[in-house]
Protein chains: 2
Amino acid sequence: MGCVSQPTSPAAGTRTRLSPDQRRTQLLDLGVSLLATRSLDEMTIDLLAEEARISRGLLYHYFGNKHAFREAVVRRAVDDLVAQTAPPPGGDPLDRLLASVTAYVDYVVDNYEGYASIVKAAQGGNEALRRLYDEARTALTDRIFTEDAQGEIFEDTPGARLMVRGWAALSEELVLAWAADPTGVTRDELLGAVAGSLPGLVELVH
Amino acid sequence: MGCVSQPTSPAAGTRTRLSPDQRRTQLLDLGVSLLATRSLDEMTIDLLAEEARISRGLLYHYFGNKHAFREAVVRRAVDDLVAQTAPPPGGDPLDRLLASVTAYVDYVVDNYEGYASIVKAAQGGNEALRRLYDEARTALTDRIFTEDAQGEIFEDTPGARLMVRGWAALSEELVLAWAADPTGVTRDELLGAVAGSLPGLVELVH
């Protein structure tokens with residue numbers, strides 16, 4: 001979230017030089033940074049208006065209504081997650097997986113409140129958020145097969161797809177549980193468990 | 001669910017011989033059996049009244065209100081799940097784990113609609129259902145340590161507890177995904193993957 005430029009003190013002069021698209025992007029950045037330490041329910045138009053020091057009316061102008069605003073923030077947050085966890089371009093497949101997993105763990109730890117509440121809202125039947133969450137989950141898991149097109153880690157079979165899906169659920173549970181209470185488990189142990197579990201899991205269906 | 005005695009045609013004479021507790025139990029059995037092929041939202045007082053051929057008023061008498069009714073049915077369903085997946089009393093620890101997992105897979109396949117909707121409602125922030133779901137999840141995972149008190153499968157450490165928790169999320173995802181679409185993965189492969197994954201996962205944190 002390092003891309004928010006002094007969100008709490010935008011000089012009026014700076015603000016007027018931004019295009020509507022730039023301004024909307026800046027507001028989304030601010031929304032995502034607020035979401036890091038707040039649940040989705042706490043992430044209201046009122047809060048953003050106060051933090052951005054603009055009127056609620058202007059926010060409605062940019063986002064339409066509170067649901068559209070919340071969805072736009074979540075879309076931006078999951079896009080950030082997918083981008084930040086992209087594996088490095090070259091190297092050993094397993095090393096690249098570990099780098100990606102490390103970025104995922106760091107993302108969840110840094111954005112715990114918002115991430116946990118997005119997962120909860122998506123699983124609980126908010127259809128718009130569920131779609132966004134499923135898209136992100138699919139992007140994160142499909143990437144394992146597209147990044148590994150030569151099948152260096154494992155073949156692309158229905159069984160492997162199922163296990164990668166299960167591994168994503170395992171990883172999410174491990175990281176959320178560890179971020180909430182890391183007692184007795186080091187960060188390296190967690191990273192080793194998340195990244196190290198995938199090959200063994202996929203082998204079980206071969 | 002084999003304990004429902006002809007729920008759709010209770011003769012009036014039979015019904016009056018039951019005590020209120022027995023009658024309540026019979027109604028819960030019927031509720032749980034209806035839940036097997038329906039979501040929690042479809043599982044209404046109206047439906048149960050129709051299926052049990054009694055008045056809605058009598059159902060309110062037994063259960064208080066529709067939330068209490070739904071909770072009572074879910075409590076009964078998760079108690080059934082925990083009971084039906086109890087490992088056999090003796091034998092090799094891994095064989096007992098496989099027996100327990102097999103019962104879990106069968107339970108989810110036989111009760112797919114209701115089980116999937118309970119998971120969704122619990123994850124989505126219905127606090128009463130979440131508590132019941134967490135209790136069941138805890139009963140299912142703690143059992144692994146109490147059943148394995150001699151540490152034959154693995155030691156009881158924070159890392160092992162965390163991995164068992166992750167394994168429960170993995171197992172739930174695998175079984176629900178497979179029950180919804182089993183293409184390309186046999187039941188034996190699924191069972192092998194769910195039961196076979198636990199020891200390897202726990203080893204990763206040692």
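A helix here is a DSSP run of H or I, at least four residues, numbered from the N terminus. Its expected span is 1.5 Å times one less than its number of residues.

Take helix H8 of chain B, residues 127-147, in this predicted model. H8(B) has 21 residues and reaches 29 Å from first C-alpha to last, close to the 30 Å expected.

Some ground rules. Residues count from 1 along each chain as written, chains are lettered from A in the order written, and side-chain values use heavy atoms, without hydrogens and water. Local features need pLDDT of at least 70, side-chain atom pairs count only at pLDDT 80 or more, and totals for chains, interfaces and linings use all residues.

Now the interface. Contact means heavy atoms within 4.5 Å. Each side brings residues: 31 from chain A, 31 from chain B. The buried area, meaning accessible area (1.4 Å probe) lost on being put together, summed over both parts, is about 2400 Å². Carbon and sulfur atoms give 73% of that. Lys120(A), Leu162(A) and Glu173(A) supply 21% of what chain A buries against chain B, more than any other three residues.

How many salt bridges link the chains? Four, counting a side-chain nitrogen of Lys or Arg within 4 Å of a carboxyl oxygen of Asp or Glu. One joins Glu173(A) and Arg165(B), at 2.7 Å, N to O. H9(A) gives the most to chain A's side, with 13 residues.

How values were computed: Buried area = accessible area lost by both parts, 1.4 Å probe. Helix = DSSP H or I, 4+ residues; strand = E, 2+ residues; numbered from the N terminus.
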